[in-house]
Every structure is written in C-alpha cells, then in structure tokens.
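User: I'm new to this one and would like a guided tour. Could you show me how to read it, feature by feature?

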Amino acid sequence: MKTFLLYVLVMLAILLGAYLYRVLRGPTIFDRVLGLNGISTKAIILLIVIGVYFERVDMFIDISTGYALLNLVGALAVAKYLEKKGVP
Amino acid sequence: MNILSIIFIVAGLFFMIVSAVGVIRLPDVFSRSHAVSLTDSLGAFLMLVGIAFHEGLGTNMFKILVVLALLYILNPVIAHATVRAALRSGLKPWQKENS
C-alpha cells in the first residue's frame, strides 16, 4: 500500500505541470485564475495523500481544510474585482 | 477493504488525468471551466472516498468526508464566479471559424 501511495503522489505531481502550463501562458487572466483553482484542488488531495503516507492524517487534514478556505477567499476576491473593473 | 480503496483511487486518478488533458487541449475559458470544475470534482470525490475506505471507521474518516463536502461547496462557487466575471467583462465564447 505504501508503494502504491508513492506512485499516486508522483502522478499527482506530474499532473500539476499541466495546470502550471495553463497558468503561465493562458491568453486571458481568467484562464490563470481557473488554473490556480485546479492547482489548489490538486494540492488539497496531495496533502491528504501525504498524510496517509506518513500515517499522520489527523494533522494534515486540518492543514488541507485551511488551504481550501484560503483558496475560496482568494479566488472570489480576484473574480469580483475583475467583474467590476473589466478586462485589463 | 484494501482492494476497494485501490480501485477507487485509480478511478479518481483517471478522471484527474482527463481533466488535465482538457485544461491543455480545450480552446477557451468557458470550455476549460468544464474541465476544471466538473471532471476535477468527480476525481476528487472518488479519490477521497478511496482514502476514507482505507482509513476505516473513526474520526479521520469523518474529517475526510468534511473536506469532501467543503470541496463540493467551494469548487462550483469559484468556477461560477470566474465564468460570470469573464462573460460580464465582454469575452466572446469560442466558435468554429468556417461555419
């Protein structure tokens, strides 16, 4: 089971590269916001899998909950600001 | 129990790979938001359910289900806010060019 979890971690880390590509060269700024949203979803699951791998799930789940809430606040602030202001 | 959790985690990984391919390949913001929001939510659901099966009954399983519910509330809210901002700031949806 530990080897399988290690393979899952490596696969998730490779998948982060696709979203990073979209963040770096999205044509509009909304592409970048969507890419950051995908990266944060991957990071939440990555944290929980790391917790299972090190057998400290009770600590890592709290970190991932805080990460999810911070991601909500940041993404909503950017979206509301751009909606009022228009495309730069 | 171990086999069940491995099956769920592999299915979740498959949907996440589909989502990453969609984020690279699709043509504009409105179609990419499907890949980020819908497919990613299903992948996260399958993966967290697999990890909850692996943990077994207890406090950790309950916490993982709370994170899952949080993800299911937050992910569509963010996608909807971003797409609405894109539509209201005057971005046109992508169309096939010679039709």
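Analyst: Let's go from the whole model down to single residues.

User: What should I know before I start?

Analyst: This is a predicted model, so local features need pLDDT of at least 70 and side-chain atom pairs count only at pLDDT 80 or more, while totals for chains, interfaces and linings use all residues. Residues are numbered from 1 along each chain as its sequence is written, and chains are lettered from A and ligands numbered from 1 in the order in which they are written.

User: What is the average pLDDT of chain A and of chain B?

Analyst: pLDDT is the predictor's confidence in each residue, from 0 to 100. Chain A averages 88, with 97% of its residues scoring at least 70. Chain B also averages 88, and 97% of its residues score at least 70. Within chain A, the element with the highest mean is H1(A) at 91, and the one with the lowest is H3(A) at 88. For the model as a whole, ipTM is 0.85 and pTM is 0.87.

User: How many helices and strands are in chain A?

Analyst: Helices (H or I, at least four residues) and strands (E, at least two) are DSSP runs, numbered from the N terminus. Chain A has three helices and zero strands, in the order α-α-α from the N terminus on. Chain B comes to three helices and zero strands, and its pattern along the sequence is α-α-α.

User: How do I judge whether a chain is spread out or compact?

Analyst: For chain B the radius is 17 Å, well over the 13 Å that the rule gives for 99 residues, so chain B is more spread out than a compact globule. Its C-alpha atoms fill a box of roughly 55 × 25 × 15 Å along the principal axes. The C-alpha trace of chain A spans about 50 × 25 × 10 Å along its principal axes.

User: How many residues does each chain bring to the contact between them?

Analyst: Two residues are in contact if their C-beta atoms, placed from the backbone, lie within 7 Å. Chain A brings 36 residues and chain B brings 38. On the chain A side, helix H1 (2-24), helix H2 (29-54) and helix H3 (57-85) each supply at least two residues. That side divides into 24 nonpolar, eight polar and four charged residues. For those classes, Ala, Val, Leu, Ile, Met, Phe, Trp, Tyr, Cys and Pro count as nonpolar, Asp, Glu, Lys and Arg as charged, and the others, Gly among them, as polar.

User: How do H2(A) and H2(B) lie, parallel or antiparallel?

Analyst: Axes are lines fitted to C-alpha atoms, for helices over the stretch in contact, and angles run from 0 to 180 degrees between N-to-C directions. Under 35 degrees counts as roughly parallel, over 145 as roughly antiparallel, 65 to 115 as roughly perpendicular and the rest as oblique. The axes of H2(A) and H2(B) come within 10 Å and cross at roughly 10°, and the two are therefore roughly parallel. Their contact has 10 nonpolar, five polar and three charged residues. Among the residues that meet there are A:Leu34 and A:Ile48 from H2(A), and B:Val36 and B:Met47 from H2(B).

User: And inside chain B, at what angle do helix H2 and helix H3 pack?

Analyst: Helix H2 (residues 29-55) and helix H3 (residues 59-88) of chain B pack at about 180°, with their axes 10 Å apart. That makes H2(B) roughly antiparallel to H3(B). By class, this contact has 19 nonpolar, six polar and one charged residues.

User: Let's finish with single residues. What is there to see at A:Glu55?

Analyst: Most residues other than glycine have a negative phi. A:Glu55 has a positive phi, near 60°. A:Glu55 sits in the loop between H2 and H3 of chain A, and counts as exposed, with 8 C-beta neighbours inside 10 Å.

User: Where is B:Arg84 found?

Analyst: B:Arg84 is in helix H3 of chain B. B:Arg84 is partly exposed, with 13 other C-beta atoms within 10 Å.

Key:
A residue is buried if 20 or more other C-beta atoms lie within 10 Å of its own, exposed if 12 or fewer, and partly exposed in between; C-beta atoms are placed from the backbone. The radius of gyration is taken over C-alpha atoms; the globule rule is 2.2 Å times the number of residues to the power 0.38.
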